[in-house]
Amino acid sequence: MQDNSALGRALATVRDLRARCPWDRAQTRESLRPYLVEEALELDHALGEGETSAIRDELSDLMLHLAFQLVIAEELGEFSADEVAAVLEHKMRRRHPHLFDLGEGEPWERIKRKEREGRTLAGITPTLPPLLKAYRLQERAASVGFDWPDASGPLEKVKEETAELEAEMRDAGSGMREGLQDEIGDLLFAAVNLARKLAIDPSAALERANDKFTRRFEAVEQLAAERGVELGRASLEELDRLWDETKAAEGGSRP
């Protein structure tokens, strides 16, 4: 019987494409990986923007990739969509025992730690973006008590790492850069930890900073064009004045 569910229709579409389109038939797990990552990031952006039609469209693109991977596994005789759903159901029942009369409810992280057989950092995806990976590592360590009681601890750590970076910059000169890379990494790691203790998503905070810089720099470019200032030839002092003027024009927004 034809499965007329949303996923069933997506699977049927991909099976048809694989049968009749040379490009779709040629795709493999490896060839689709870059597109999958791109679609996930596009969905993440749409979620951040909050535009319903964009979220719908990006979810459809992601569903296509889910269907592709399921159909490829089906063709290889490895597993079916039903088996994947069964794994999902079993996992959710195991993680919510109190909802399925399977036992008392437990804190989420304690259940996950059991699944990791007591290895706190096990299972963190190696290919996570570094900023998110740092957050997850710190989150896991905090779940077993390896954490500061408040934000003052990581704030002092940021100051400490900044001082160490300054010392490394003085010592390194034009020589080895490995020490500088290590100190920059330590400083970024400490900044992520500070954000976590302040209940701030560091990725979202950096995204806001990126958007703010883009907005202001584009305003600087426009202002420079209006005044006949050629970027690339203007002095840093001239550009700083334009930057300060742009910030002031934003009406009291923070620097």
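The model is predicted, with local features requiring pLDDT of at least 70 and side-chain atom pairs counting only at pLDDT 80 or more, while totals for chains, interfaces and linings use all residues. Residues are numbered from 1 along each chain as its sequence is written, and side-chain values use heavy atoms, with hydrogens and water left out. Helices are DSSP runs (H or I, at least four residues) numbered from the N terminus.

**Aromatic pairs**

- A search of the whole structure finds 2 aromatic pairs, a pair being two rings of Phe, Tyr or Trp (its six-membered ring) with centres within 6.5 Å, called stacked if the planes are under 30 degrees apart, edge-to-face if over 60 and tilted for the rest.
- Phenylalanine 213 and phenylalanine 217 form a stacked pair, at 5.7 Å centre to centre and with 20° between the planes; because they are 4 residues apart in helix H10 (residues 202–226), about one helical turn separates them.
- Phenylalanine 213 also pairs with tryptophan 243, and since the ring centres are 5.5 Å apart and the planes are at 40°, this pair is tilted.
- Phe213, Phe217 and Trp243 form one aromatic cluster.
- Phenylalanine 213 is partly exposed at 47% relative accessibility, as is phenylalanine 217 at 36% and tryptophan 243 at 22%, where buried means under 20% relative accessible area, exposed over 50% and partly exposed in between (1.4 Å probe, protein chains only).

**Salt bridges**

- Side chains of opposite charge can pair when their charged atoms come close.
- The whole structure holds 19 salt bridges, each defined as a side-chain nitrogen of Lys or Arg within 4 Å of a carboxyl oxygen of Asp or Glu.
- Glutamate 78 forms a salt bridge with arginine 29, their closest N and O atoms being 2.3 Å apart; this pair links distant parts of the chain, 49 residues apart, with glutamate 78 in the loop between helix H4 (52–75) and H5 and arginine 29 in helix H3.
- Glutamate 115 forms a salt bridge with arginine 94, with the closest N and O atoms 3.0 Å apart, and this pair joins helix H6, which holds glutamate 115, to helix H5, which holds arginine 94, across 21 residues.
- Arg94, Arg95 and Glu115 are linked in a network of salt bridges.

**Negative surface patch**

- Asp44, Glu49, Glu51, Asp201, Glu207 and Asp211 gather in a surface patch of negative charge, a patch being made of residues with over 30% relative accessible area and no salt bridge, in which like charges are joined within 9 Å.
- Helix H3 (29–49) and H10 are the elements that give two or more residues to the negative patch, and aspartate 44 has its place in helix H3.

**Positive phi angles**

- Aspartate 101, a residue other than glycine, has a positive phi near 55°; aspartate 101 lies in the loop between helix H5 (81–95) and helix H6 (108–115) and is exposed at 76% relative accessibility.
- Alanine 199 likewise is not a glycine and has a positive phi of about 60°; alanine 199 sits in the loop between helix H9 (178–197) and H10 and is exposed, with a relative accessible area of 68%.

Terms used
Patch = residues over 30% accessible without salt bridge, like charges linked within 9 Å, V, L, I, M, F, W, Y side chains within 5 Å. Areas by Shrake-Rupley, 256 points an atom, 1.4 Å probe, with all protein chains shown as cover. Lys, Arg positive; Asp, Glu negative; His and termini not counted. Charge placed at Lys NZ, Arg CZ, Asp CG, Glu CD.
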